[in-house]
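This briefing goes through one protein structure, topic by topic. Keep the model open while you read and find each residue as it is named.

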Amino acid sequence: MDRKLAQILNTLKGVPEEKWDRYILRQDMFYRHYTEEMCGGIICRSRQTGKKKAGEILGGDTAPEYLIRKNGLEVRIAEDEEFLMPDSVNFAEYHDGRIRISKKLLAALERNSEALRSVLGSFRPYDILFFHELYHYYEETEEGLENAGISYKIRLMPFINKRISPESAGEIAAYEFTKQVNNISFHPYILGIAGLYVYEPEMAEEIVSDIT
C-alpha cells in the first residue's frame, strides 16, 4: 500500500462537505463576484437538486448497463487523446449522448485499490464516474436541471450587469447525485485526486492543500 496516498485519502475523507462545495465554487469564472449569500444559496439548492434526481431513479433499476440502454448513451473507456477537453484532473466527461471515462484513471485506481478500500470502503470506481456523467446527461435533457436551474445577476463593474448560471451548481449537484445513488460516504472528487496522485503527485498535493 502507498502510505502517502493512504494519508491523503484519510485527510480528504475528513474534509467537511462545505469545503468541497466551496472548492468547486471557486472554479467558477465569476466567483469573485459572488456574495456570501449567493454562495450559500448555490450550494444548498445544488445539493437539493442532485438529491432529488437521485431519489427519482433509486426507485427503479440503477444498473449502469440498464441506464445506458434506456437512455441511448454511448459509454467508452477512453485514452487521453479521445477527450474533447483533455484535463489532468477531470478524468471523465459527458457530451451529446456520449460518456468518456479515462482508462488512465481506472488503471491508477486499480493499482491503488488496496489503499482505496482500506480508507473509503467497498465501491466500484467505474460506477462513481459513470453516475456523475449520467447526471450531466439529465442536465442536458430535462428542463430545469441545468446548473440546478440557478441564475443570478451579478455586477461586473459599475453600470455593467450580467446574468449568469453558475457551472459549479451543476457540478455540486452531480456529485451529490452520485453520492446518493452509490450510497457512499466520501466525496467522489477524491477519486480524481487519487488518480492524479499516481501521475502528478505534486499537483495532487497542491489540490489537497487548496481544498483543506
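The protein chain has 10 helices and five strands. Its radius of gyration is 17 Å, close to the 17 Å that the globule rule gives for 212 residues, so the chain is as compact as a globular protein of that length. The model is a predicted one.

**The chain as a whole**

- Taken along the principal axes, the box filled by the C-alpha atoms of the protein chain is roughly 55 × 40 × 35 Å.
- Of the 212 residues in the protein chain, 49% are buried.
- The protein chain exposes about 11300 Å², and 46% of that area is supplied by carbon and sulfur atoms.
- Among contacts between residues at least 6 apart in sequence, 68% join residues at least 24 apart.

**Aromatic pairs**

- A pair of aromatic rings is described by the distance of the centres and the angle of the planes.
- A search of the whole structure gives 12 aromatic pairs.
- One of them joins Tyr31 and Tyr34 in an edge-to-face arrangement, with 5.9 Å from centre to centre and 75 degrees between the planes.
- Tyr31 has a relative accessible area of 25% and is therefore partly exposed, whereas Tyr34, at 10%, is buried.
- Tyr138 and Phe177 also form an edge-to-face pair, at 6.1 Å centre to centre and with 80 degrees between the planes.
- This pair links distant parts of the chain: Tyr138 belongs to helix H7 (residues 125-141) and Phe177 to helix H8 (residues 167-182), 39 residues apart.
- Tyr138 counts as buried because its relative accessible area is 5%, under the cut-off of 20%.
- Phe177 is buried too, with a relative accessibility of 0%.
- Ring pairs join Tyr138 and Phe177 into a cluster with Tyr94, Tyr126, Phe130, Phe131, Tyr135 and Tyr137.

**Charges over rings**

- Tyr138 has a charged group over its ring as well: the charged end of Lys53 sits 4.3 Å from the ring centre.
- Lys104 lies over the face of Tyr199, at 4.4 Å from the centre of that ring.

**A residue in helix H10**

- Ser209 is part of helix H10, which covers residues 201-211.
- Is Ser209 buried or exposed? Its relative accessibility is 52%, so Ser209 counts as exposed, the cut-off being over 50%.
- Ser209 and Leu12 are 197 residues apart along the chain, and their C-alpha atoms are separated by 10.0 Å.

Note on methods. Residues are numbered from 1 along each chain as its sequence is written. This is a predicted model: local features need pLDDT of at least 70, side-chain atom pairs count only at pLDDT 80 or more; totals for chains, interfaces and linings use all residues. Side-chain values use heavy atoms; hydrogens and water are left out. Helices (H or I, at least four residues) and strands (E, at least two) are DSSP runs, numbered from the N terminus. Buried means under 20% relative accessible area, exposed over 50%, partly exposed in between (1.4 Å probe, protein chains only). Rings of Phe, Tyr and Trp (its six-membered ring) pair if their centres lie within 6.5 Å; planes under 30 degrees apart count as stacked, over 60 as edge-to-face and the rest as tilted. A charge sits over a ring if NZ of Lys or CZ of Arg is within 6 Å of the ring centre and within 35 degrees of the ring normal. The radius of gyration is taken over C-alpha atoms; the globule rule is 2.2 Å times the number of residues to the power 0.38. Contact means heavy atoms within 4.5 Å. Accessible areas come from the Shrake-Rupley method with a 1.4 Å probe; for residues, only the protein chains shown count as cover.
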